[in-house]
Amino acid sequence: MNCTEERDFHFSPLSLPFHFHLLLFFGILVIYLVSVSGNLLLIGLVYAVPLLHTPMYFFLCNLSVQDIVYVSATLPKFLSVTISGDSGIPFSDCMMQMFFFTFCVGAEFCLLAFMAYDRYVAICVPLCYTTIMNPNLCVALCSVAWLVGFCNSFAHAVILSNLFFCRSRVISHFYCDLKTMIELSSSDITKIQTMVSVECIFLGVIPFVLILSSYTCIIVTIVNIQSPAGRWKTFSSCSSHLIILILFYGPSLGSYLIPQSEHSKQQNKMLSLLYIALVPMLNPLVYSLRNKQVFRAVELLIERYRKY
Ligand SMILES: *[C@@H]1O[C@H](CO)[C@@H](O)[C@H](O)[C@H]1NC(C)=O
């Protein structure tokens with residue numbers, strides 16, 4: 001039997017009544033549009049207002065670009081499947097989806113770690129902040145993040161293109177997720193699973209350790225500050241990043257650490273949908289609502305606009 005002859009996959013149908021489909025469609029559509037426009041607005045604002053020309057906001061712009069790309073790689077297809085009922089996806093599209101998704105998510109893990117380092121320098125060695133976080137280092141760090149993301153997605157693409165699918169072509173997820181695809185394949189997957197585990201260690205554990213050590217130093221510094229007001233002020237300069245970290249790492253760690261039963265799969269799928277759709281929407285919101293600088297930047301922009 002030639003396993004590779006038929007190249008199309010199908011997403012497993014949602015077991016929901018029809019009016020829920022509509023509800024889901026409009027819910028996800030709104031979230032998608034809000035997250036793309038929110039991130040675009042944030043990028044525009046940072047570039048337009050010199051007050052926001054700091055490493056943290058440049059990193060944030062990079063994060064926004066990654067957010068836009070990875071929701072656009074997954075959600076539009078999900079929306080079209082939900083509304084049209086046509087659940088087929090060609091192998092090449094599946095590959096593209098996975099490529100862009102893992103590219104951006106991998107880069108994001110890395111970038112979040114570098115942002116933690118940025119906060120560490122700002123809080124623990126504030127006098128050297130401008131020397132250490134110079135534009136060259138920022139560009140280098142961002143390039144490393146994008147490069148890591150690329151290597152990650154390249155590895156995933158190589159793995160995926162080596163899989164054979166003879167048994168089933170029904171993807172029980174709402175996008176082409178590597179873990180789901182591996183489970184689906186009829187190849188010998190022991191070697192592949194070792195590869196994936198090694199990769200998870202590199203991509204998940206190293207940034208996590210960097211984040212943990214940065215925040216340990218930050219906490220030590222904050223605890224040693226005498227005045228409660230100073231303590232609060234210092235803490236609030238890293239609170240946005242901390243919230244994003246929890247949002248980003250919480251569910252993804254949870255979904256990998258908690259063993260999955262067959263019966264919780266449907267729930268998991270819904271949870272990961274929410275998480276993939278919501279986190280990119282929350283990033284710009286968290287940063288702009290928690291930072292006075294962003295409000296100030298908007299004011300400046302409005303003032304400038306009034307003058308014309
Ligand atoms: C990403 O970060 C780098 C370094 O700070 C910056 O030069 C670049 O403009 C950022 N990219 C975007 C799209 O904001």
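## Polar contacts and the Ser72–Tyr32 pair

A polar contact here is a pair of N or O atoms within 3.5 Å; inside the protein, one atom must be able to donate a hydrogen and the other to accept it. The side chains of Ser72 and Tyr32 form such a contact, at 2.9 Å. The model is predicted.

Ser72 sits in helix H2. Its relative accessible area is 31%, so Ser72 is partly exposed. Leaving out residues up to four places away in sequence, Ser72 touches Tyr32 and Val36.

## Overall fold

The protein chain holds 10 helices and 3 strands. Read from the N terminus, the order is β-α-α-β-α-α-α-β-α-α-α-α-α. The radius of gyration is 21 Å, close to the 19 Å that the globule rule gives for 308 residues, so the chain is as compact as a globular protein of that length.

Along the principal axes, the C-alpha atoms fill a box of roughly 70 × 45 × 35 Å. Buried residues make up 45% of the 308 in the protein chain. The accessible surface is about 16200 Å², and carbon and sulfur atoms account for 72% of that surface. Take the contacts between residues at least 6 apart in sequence: 79% of them join residues at least 24 apart.

## The ligand site

Which residues surround the ligand? They are Tyr47, Phe58, Cys61, Asn62, Val65, Cys138, Val139 and Cys142. A side-chain N or O atom of Tyr47 lies 2.5 Å from a ligand oxygen. For Asn62, a polar side-chain atom is 2.4 Å from an oxygen atom of the ligand. On its own, the ligand has 360 Å² of accessible area, and the protein covers 71% of it.

Two elements each give two or more residues to the shell: helix H2 (55–84) and helix H5 (135–161). H2 supplies the largest share, with 4 residues. By class, the shell has 7 nonpolar residues, 1 polar and no charged.

## Thr74, also on H2

Thr74 belongs to helix H2, as Ser72 does. Is Thr74 buried or exposed? Its relative accessibility is 0%, so Thr74 counts as buried; the cut-off for buried is under 20%.

The side chain of Thr74 reaches back to the backbone oxygen of Tyr70, at 3.0 Å. Beyond neighbours within four places in sequence, Thr74 contacts Gln97, Phe101, Tyr175 and Ile276.

## Thr102 on H3

Thr102 lies in helix H3, residues 91–124. With a relative accessible area of 10%, Thr102 is buried. A polar atom of the Thr102 side chain lies 3.3 Å from the backbone oxygen of Phe99.

What does Thr102 touch, not counting residues up to four places away in sequence? The partners are Gly149, Asn152, Ser153 and His156. Helix H5 runs over residues 135–161.

Ser213 is in helix H7, residues 190–224. Its relative accessibility is 36%, so Ser213 counts as partly exposed. Ser213 and Ile302 are 89 residues apart along the chain, and their C-alpha atoms are separated by 40 Å.

Val294 is in helix H10, residues 292–307. It has a relative accessible area of 4%, so Val294 is buried. Setting aside residues up to four places away in sequence, Val294 touches Leu45, Tyr57, Tyr287 and Ser288. Leu163 lies 131 residues from Val294 in sequence, with 47 Å between the two C-alpha atoms.

Key: Residues numbered from 1 in each chain as written. Predicted model: local features only at pLDDT ≥ 70, side-chain atom pairs only at ≥ 80, totals over all residues. Heavy atoms only, no water. Near = heavy atom within 4 Å. Areas by Shrake-Rupley, 256 points an atom, 1.4 Å probe, with all protein chains shown as cover. Nonpolar A, V, L, I, M, F, W, Y, C, P; charged D, E, K, R; others polar. Rg over C-alpha atoms; globule rule 2.2 N^0.38 Å. Buried < 20%, exposed > 50% of the residue type's maximum accessible area, 1.4 Å probe, protein only. Contact = heavy atoms within 4.5 Å.
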